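Dear colleague,

Please find the structure below.

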Amino acid sequence: MAAAGSVKPPLWLLAELTYRCPLHCAFCSNPVDYASHRDELGTDEWMRVFREARAMGAVQLGFSGGEPLLRDDLEDLVGEARRLGFYTNLITSGVGLTPQRAKALKDAGLDHIQLSFQDSTRELNDFLSSTRTFELKSRVARTIKDLSYPMVLNCVMHRYNLPHVGRIVEMAEEMGAEFLELANVQYYGWAWVNRQALMPSREALAQAEALVDEHRARLQGRMKILWVAPDYAEARPKPCMAGWGSVFLVVAPDGLALPCHSARMLPMEFPNVRAQSVAQIWRDSPGFNAYRGEHWMNDTCRSCPEHGKDHGGCRCQSFLLTGDAAATDPVCGKSPAHGKVQSLVDAAALPGGDAVPIRFVPGARRAGQLVFRTDENSRVLAAES
């Protein structure tokens, strides 16, 4: 366990205001059992969390979900965050961000909006979210620009939309985006449930990344493109959250405090901000100290010269693939379970992967399996039942 005096304060606070969402994305980051966690923190409770985190030294505050715009008190929360001196970011699907509400959030002091798209085409965007939202998102993008916000677009990449990555970049360019995040699916939550349908081949990833590099060079100075490679296709594990309990603090809608978005799945207890202060949680809770530092590492990780860079990799990934959250991240070539990752990636290259049915987040209304018609460049022309 890390000594109390050696624990630095959190810099990033992510407020997951609600698990409710009008979209039903196949790769949703909500926990699979999200519907059982309905007791959301109230306005005053969230404001207390903000004050305590700011007093510790947190400087960035993200408003996330689910869809944070479903909270009627979002403007009040943004205003309190501005009063406290946070730099604030709204992570949204755009559903509910009318020009009037966007102006109200601007007036309250919101610094930054990140808008998500599922694809560059209406057909695939709406299929993947099981909603009709592409045109809405396009209007919201114009609203964001009209209010002089930095235009930040995000698109989660996977087997279905990787062939469209060039068009996604072009869409962002046409919308005047200053930043585009192309974040390949990380396999947790609903993405883990749908991993067989979503996982692309190594070849598809390499082709997409090469095309992104071409666009990045072409757009240098006009738009910054961030390509987030999937863990499974990497040779080394990523420094997940810059280290467990090092920089990042997540507070879930019901007040559960977590060191990362997905940690709720782990078979361990985490504290709740309704019962403890943010300072107590961050410094003293067994959950946050469990994998902080190096004390928990096995010999494979502790003897590796890279452990100071990757911090042992991802605990959630280790648990999902091995059943042991303290195991060496299977992405690492030194892990005894590395073959499991290799088998999953190899299987993605086999024919028929795109025929695996997708399980949508509950609430989605399905009229039957959709079939896509594409042109010679694999761009979707139409979706048919």
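A residue is called buried under 20% relative accessible area, exposed over 50% and partly exposed in between, using a 1.4 Å probe and protein chains only. The model is predicted, so local features need pLDDT of at least 70 and side-chain atom pairs count only at pLDDT 80 or more, while totals for chains, interfaces and linings use all residues. Residues are numbered from 1 along each chain as its sequence is written, and side-chain values use heavy atoms, with hydrogens and water left out.

Rings of Phe, Tyr and Trp (its six-membered ring) pair if their centres lie within 6.5 Å; planes under 30 degrees apart count as stacked, over 60 as edge-to-face and the rest as tilted. Ten aromatic pairs are present in the structure. One of them joins W12 and F248, a tilted pair at 5.7 Å centre to centre with 35° between the planes. W12 belongs to strand 1 (residues 12–16) and F248 to strand 8 (residues 248–251), 236 residues apart; helices (H or I, at least four residues) and strands (E, at least two) are DSSP runs numbered from the N terminus. F248 is buried, at 11% relative accessible area.

The pair of F127 and Y160 is also tilted, because the ring centres are 6.0 Å apart and the planes meet at 50°. F127 is buried at 4%, and Y160 is buried at 13%.

W244, F270, Y291 and W296 form a cluster linked by ring pairs.

A charge sits over a ring if NZ of Lys or CZ of Arg is within 6 Å of the ring centre and within 35 degrees of the ring normal. R54 lies over the face of F86, 5.8 Å from the ring centre, and the charged end of R292 is over the ring of W282, 5.0 Å from its centre.

Yours sincerely
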